[in-house]
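Visitor: I would like to go through a structure with you, topic by topic. Could you show it to me?

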Amino acid sequence: MVGFLHWIGSIFTGVMNAIVKVVVFVVLLVVVLVVVGMARGDGLPSNMVLNLDLQGRLPDSTMAPTITLAEQPLSMMDVVLALDQAGRDHRVKGVMMRLGNADLSIAQAEELSAALKRFRSKGKYVTAYAQGFNASGLGDYLAASSADEIWMMPKSVFSAAGEGASAMFLRGFFEKFDATPQIVKRSDYKSAADMYMEKGYTPANREQTEALLHSWYDTATAAAAKARKITPAAMTASFEASPQFAGDVKKAGLIDRLGYDDDAEKAALKRAGDDAEKVSFRRYARATGDASEFGPGAHIALIPAAGEIVDGSGGGGLFGDKTIIAGDDYAKALRDATKDKDIKAILLRVDSPGGSVTASAQILDAVKKAQAAGKPVVVSMGSVAASGGYYISASADRIVAEPGTITGSIGVLTGKVAIGKSLGLLGVSADQIGVGKNALFDSAIQPFTDDQLASLNKQADTIYADFVGKVAKGRKLPLSQVQTIAKGRVWSGADAKTHGLVDELGGFWTAVAATKSLAGIKPDAHVVFKRYPREKNFFEAFNETFGSSSASLKAVQGLVAVMNMPGVRTLLKAAAELPRGAVELRATNLPGQ
């Protein structure tokens, strides 16, 4: 027996020694990796030109999943913050910017222009290159006009001509298939409802769309003319001549040089010096991305809110939806920032056409409680901050929007499309059973009764009045004035400012300056941006997704692959656009969206 116990003890001792050795090895390995990492720095060359590719989609901000099956695109906020870092980085001499195919919105172009001008003010340069400006909109060219010089491929097409809009209307389709759309809107300009209820632009919708397009055209033309040092009349004449060839716009002074991409790249690198290296902007942004969250300086909470506003949570696991503004997640982010004693103020970046009334109200309540706790809140608007996107912004201490931002749309819509008769035309029978007078209120099989429609209108009236009241209180405007400029109408940022819906025109750094002022931070002081919602690390996210189970990653990958199939994505997008029955604060079917 003694021998057996001795044998057990020796095994236990051996196992413990092995565990200790493994732990020591891991600790030493981590120390070595940290030392090597510190010695290497961020691995970037000492003399570089950043290659910024703006030929594809540019979301305003992203909260990428911890693990993803595809590379996430750079966002506007990635570009803006990385350009600021590059402006202060002596190793970065310039930026080589590729564009011409993205059809950037005017607000995006304005944000990029401001960021590039800020970069150039540090003694850096920007070279823009296009293998043609292929969209008829002015956004891509407006962004390019902020460069030191613009190159185009010889014989390539310059299509930038103006700003236009189109919309799809389904009323005729519903009539052919005997479907019954019943969408209630407040008020005349709430065009998201027109897609289902009309066969074309209503007078109100045409009025607001034309005003928006004129505002975009005028501000873009003036800004591009100023950047290129030509008269607005000359710039307008050039746009009127499109589509045309690169040689034509070179003669008109809209671009500087003709050549191919390698010619422009060689010229950009030569300007930086013989030893200059090209580095992708994505690599630079990833390598220096945490720089804004560390170092000395006052702390400002940065909360990027992009996407549709929805109830609940987007999910915190590996594959949680990070392209929405989930009420629970963003209310918590605001509450966490409010509780953080190091946070001096909150900067809320909004790029959203709206969505759920209840989620919008939940987020607005968190904004108000942050203000009540002594934390100033500033809103920086992206391309669109309308309907629910404006709702969550309404009480901010300061609202900053680009001249081209789509904002306002202070209104509501609700309803459904009844398809019971449509199914009958296809030989499909549909039946239903409900216990309770309005148990089938939201049923897609039968239309609303007169009593139900009256109830729906009452809901819309109540929520619309509440929305208008919140805007009047938040913006400190007479209720009668807000009632006049509301009615579901969208405004450009420039027009919204004249009506008191925004305080100042400008981009992200204009909003940062306003935040500093409200927080009592000196204008030239460095600030540290602490981002909310705080993202979980890989192990936290993995544990939240899979728990202690041994779920198969292959199964998860298969699910993601199916969800990314074009047909499935199209179907899901179409379904997401349908009215949900509940009252909503959405501004869809807008120009440029």
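Guide: The conversation below goes through the sheet, the helices and some individual residues.

Visitor: What kind of model is this, and how are residues numbered?

Guide: This is a predicted model, in which local features need pLDDT of at least 70 and side-chain atom pairs count only at pLDDT 80 or more, while totals for chains, interfaces and linings use all residues. Residues are numbered from 1 along each chain as its sequence is written, and side-chain values use heavy atoms, with hydrogens and water left out.

Visitor: In what order do the 6 strands of the open sheet come?

Guide: The order is 8-4-3-2-1-9, with parallel pairing. Helices (H or I, at least four residues) and strands (E, at least two) are DSSP runs, numbered from the N terminus. Two strands pair if DSSP finds at least two bridges between them.

Visitor: Which strands stand at the edges?

Guide: Strand 8 (257–258) and strand 9 (277–280) do; each has a single partner strand, so one side of each is left without a neighbour in the sheet. Helix 11 (residues 281–288) packs on the sheet and touches strand 1 (48–53), strand 2 (92–98) and strand 9. Contact here means heavy atoms within 4.5 Å. The direction of helix 11 makes about 70 degrees with that of strand 9. Axes are lines fitted to C-alpha atoms, for helices over the stretch in contact, and angles run from 0 to 180 degrees between N-to-C directions.

Visitor: And how many bridges link strand 4 to strand 8?

Guide: Strand 4 (residues 149–152) pairs with strand 8 in the parallel sense over 2 bridges. Met152 has Leu258 of strand 8 as its bridge partner.

Visitor: Let us turn to helices. How do helix 2 and helix 3 pack?

Guide: Helix 2 (residues 76–87) and helix 3 (residues 106–120) pack at an angle of about 10 degrees, and their axes are 8 Å apart. That makes helix 2 roughly parallel to helix 3; angles under 35 degrees count as roughly parallel, over 145 as roughly antiparallel, 65 to 115 as roughly perpendicular and the rest as oblique. Among the residues making the contact are Val79, Val80 and Leu83 of helix 2 and Leu112, Ala115 and Phe119 of helix 3.

Visitor: What span does helix 7 reach?

Guide: Helix 7 (residues 203–228) has 26 residues and reaches 37 Å from its first C-alpha to its last, close to the 38 Å expected at 1.5 Å a residue. The expected span is 1.5 Å times one less than the number of residues. Just after helix 7, Lys229 takes a positive phi of about 60 degrees.

Visitor: Which other residues have a positive phi?

Guide: Lys155 is one of them, at about 65 degrees, although it is not a glycine. Lys155 is found in the loop between strand 4 and strand 5 (157–158) and is exposed, with a relative accessible area of 72%. Buried means under 20% relative accessible area, exposed over 50%, and partly exposed in between (1.4 Å probe, protein chains only). Lys487 also has a positive phi, near 60 degrees, and counts as partly exposed at 33% relative accessibility. Most residues other than glycine have a negative phi, and most peptide bonds are trans.

Visitor: Where is a cis peptide bond found?

Guide: One joins Arg186 and Ser187, with omega of about 10 degrees. Another runs from Tyr532 to Pro533, with omega near -5 degrees.

Visitor: What does Arg186 pair with in strand 18?

Guide: The bridge partner of Arg186 is Val412. Strand 6 (residues 180–186) has 5 of its 7 residues buried, so it is largely enclosed by the rest of the structure. Strand 6 and strand 18 (residues 412–418) pair in the antiparallel sense over 7 bridges.

Visitor: Finally, where is Asp311, and what does it touch?

Guide: Asp311 is found in the loop between strand 11 (308–310) and strand 12 (324–326), and is partly exposed at 47% relative accessibility. Leaving out residues up to four places away in sequence, Asp311 touches Gly327, Ser356, Thr358 and Ala359.

Visitor: Which side chain does the side chain of Asp311 meet in a polar contact?

Guide: That of Ser356, at 3.0 Å. A polar contact is a pair of N or O atoms within 3.5 Å; within protein, one must be able to donate a hydrogen and the other to accept it, and residues adjacent in sequence count only if both atoms are side-chain atoms. The side chain of Asp311 also reaches the backbone nitrogen of Ala359 at 3.2 Å.
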